[in-house]
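Welcome to this short tour. Open your viewer, get your selection tool ready, and follow along stop by stop.

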Amino acid sequence: MNYEKVIISTLDSFGVSRSYTGYGYVVYGIQLIIEDKERIECITKSLYHDIAEHYHTTWNCVEKNMRTVINSVWKSHNDRLLEIIFNKSNRNKKPTNKEFLKYMYDYVIQTGNEIRIADRLVPIICPISNSYCEALSVFYVNLSRMMK
């Protein structure tokens, strides 16, 4: 399963601008966590450094720019998706970088597995209307079939 497309679709559904430097860091970081879940336990000592090395920057820049993406996600008006992924109604403050990455990891893995195993429509939120989009759901099912 190509989880990168699920990650990108999710960030796009929140309206996160791809021009943010942290956008690529988040996508790459979640992919690294998918490869080795233990990376989530030591993001400062391992994950940030791996991302920084890949993008030829410093781990401090990675952390800061990821925080910008998280702020954008948390301030998005896509309350339904925020509730699905982060259980926002039970949280008073935005997640830390580590919490954000963990929630996103869980969502991406679950969504990817639902598409691949059940071969059924997955609720995908449209970035324009902020509501369920059947066309995107069908797209992901078809994409999953093509990748088998």
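Which residues are linked in a network of salt bridges? Select Glu-35, Arg-39 and Asp-50: these are the linked residues. Keep in mind that you are looking at a predicted model.

Start with the pair Glu-35 and Arg-39, whose side chains form a salt bridge with N and O 3.8 Å apart. Glu-35 counts as exposed, at 63% relative accessibility, whereas Arg-39 counts as buried, at 18%.

Now turn to Asp-50, which also forms a salt bridge with Arg-39; here the closest N and O atoms are 3.4 Å apart. Asp-50 sits in helix α3 (residues 43–55) and Arg-39 in the loop between α2 (21–35) and α3, so this pair ties together parts that are 11 residues apart in sequence. Asp-50 counts as partly exposed, at 25% relative accessibility.

Next, select Lys-102 and Asp-106 to find another salt bridge, at 3.5 Å from N to O. These two are four residues apart in helix α6 (residues 97–118), so about one helical turn separates them. Lys-102 is partly exposed at 36% relative accessibility, and Asp-106 is partly exposed at 33%.

Move on to helix α5, residues 79–86, and highlight its buried residues: Leu-81, Leu-82, Ile-85 and Phe-86. They cover an arc of only 105° around the axis, which puts them on the same side of α5.

Finally, colour the chain by pLDDT. The average is 83, and 74% of the residues score at least 70. Over residues 115–120, though, the pLDDT is below 50.

How values were computed:
Residues numbered from 1 in each chain as written. Predicted model: local features only at pLDDT ≥ 70, side-chain atom pairs only at ≥ 80, totals over all residues. Heavy atoms only, no water. Buried < 20%, exposed > 50% of the residue type's maximum accessible area, 1.4 Å probe, protein only. Arc of directions from axis to C-beta. pLDDT = per-residue confidence, 0-100. Contact = heavy atoms within 4.5 Å. Salt bridge = Lys/Arg side-chain N within 4 Å of Asp/Glu carboxyl O.
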